[in-house]
Amino acid sequence: MPLAIVRVDNADLHRSLHEMISRTEAQIRGDVFIKPNLCARAPRCGENTPADFMAILLDVLHDYRCSVAIGHTSLLGGPTQAYSFDTVLAVSGFSRFVQRRGVDLVNLDSEEQVRIPVGALAFEIPRVVLESPFYLNVAKLKTHMQTTVSLALKNQMGVIALRNRVEMHRLGLEEHIARLATVLRPHLSIIERIVAMEGNGPHHGGVRRANLLLASQD
């Protein structure tokens, strides 16, 4: 599968995204489910998928005449704290898409789950993701204090049930990120690294402007 690496024209991100998708040879059409990288604490530059980036990506998908669902779960804030789906949307700036035509915001916590045993863990994955005609995984390039980096594979943790994420940390995070990738396969993954994070990520790191997009069907 082709790996597309595109230097971003900040004056025309729309064109850059079209070029990237064309290089991947992905056949985008119909209903698209997007998993962005979102957070629930006051976001730092380089930490999560910017709402402005997503707005332009939605414009590009509109060019392909796609209907889009953007989905995420609630998030852990610590051993005794969780942030709701609505909080995640508000903090990340994604509430702006609630009224956008052709876009649905999906609380994956409320969706029907399919249990898929893999090793010692049974992943609970929303049926809406598994059965999506086109699953688009939109990750962020950043460092991570537990996994060194956070890229397309780790971004999929925001799809599965909250209790699964707790179990993954207990049973071996990196191993189970890899195992999740054997049962949850995006049709296209994008790593947005226009502004990346380095140092003590994923929340306290520094900013590194790279002006690059990476994407592949694999």
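I take a strand to be a DSSP run of E of at least two residues, numbered from the N terminus. I note at the outset that this is a predicted model.

**Entry 1: largest pocket**

I looked up the largest pocket and found a volume of about 820 Å³. I counted 31 residues in its lining, and Arg41, Leu76, His144, Lys154 and Pro202 lie nearest the centre. Two or more lining residues come from each of strand 4 (75-78), strand 9 (134-144), helix 5 (152-155) and helix 6. Which element gives the largest share of this lining? I found that strand 4 does, with four residues. By class, I have 11 nonpolar, 14 polar and six charged residues in the lining of the largest pocket.

**Entry 2: second largest pocket**

I then turned to the second largest pocket, which holds about 330 Å³ of space. I listed 19 lining residues; Ala152, Leu153, Ser189, Ser216 and Asp218 are the closest to the centre. Helix 5, strand 11 (188-198) and strand 12 (206-216) are the elements that each give two or more residues to this lining. Strand 11 gives the most, four residues. I sorted the lining of the second largest pocket into 12 nonpolar, five polar and two charged residues.

**Entry 3: strand 9**

I went back to strand 9, an element that gives two or more residues to the lining of the largest pocket. I found 10 of its 11 residues buried, so strand 9 is largely enclosed by the rest of the structure. Next I checked the pairing. Strand 2 (residues 31-35) runs parallel to strand 9, and four bridges join them; Val32 has Phe134 as its bridge partner in strand 9. Strand 11 is also paired with strand 9 in the parallel sense, over six bridges, with Leu136 opposite Leu188 of strand 11. Strand 10 (residues 148-150) runs antiparallel to strand 9 and is joined to it by three bridges. His144 stands opposite Thr148 of strand 10. I noted three residues between strand 9 and strand 10, which form a hairpin.

**Entry 4: helix 6**

Last, I examined helix 6 (residues 162-171), where the buried residues are Asn164, Arg165 and Met168. Where do these buried residues fall, seen down the axis of helix 6? They fall within an arc of 100°, so they line one face of the helix. On the other side of helix 6, I found Arg163 and Arg170 exposed. After helix 6 comes Gly172, and I recorded a positive phi near 130° for Gly172.

Note on methods. Residues numbered from 1 in each chain as written. Predicted model: local features only at pLDDT ≥ 70, side-chain atom pairs only at ≥ 80, totals over all residues. Heavy atoms only, no water. Buried < 20%, exposed > 50% of the residue type's maximum accessible area, 1.4 Å probe, protein only. Arc of directions from axis to C-beta. 1 Å grid on protein atoms, 1.4 Å probe; cavity = no way out; pocket = protein on both sides within 12 Å on 5 of 7 lines; lining within 4 Å. Points joined across faces, edges and corners; volume = space filled by probe spheres on them. Nonpolar A, V, L, I, M, F, W, Y, C, P; charged D, E, K, R; others polar. Pairing = 2+ DSSP bridges.
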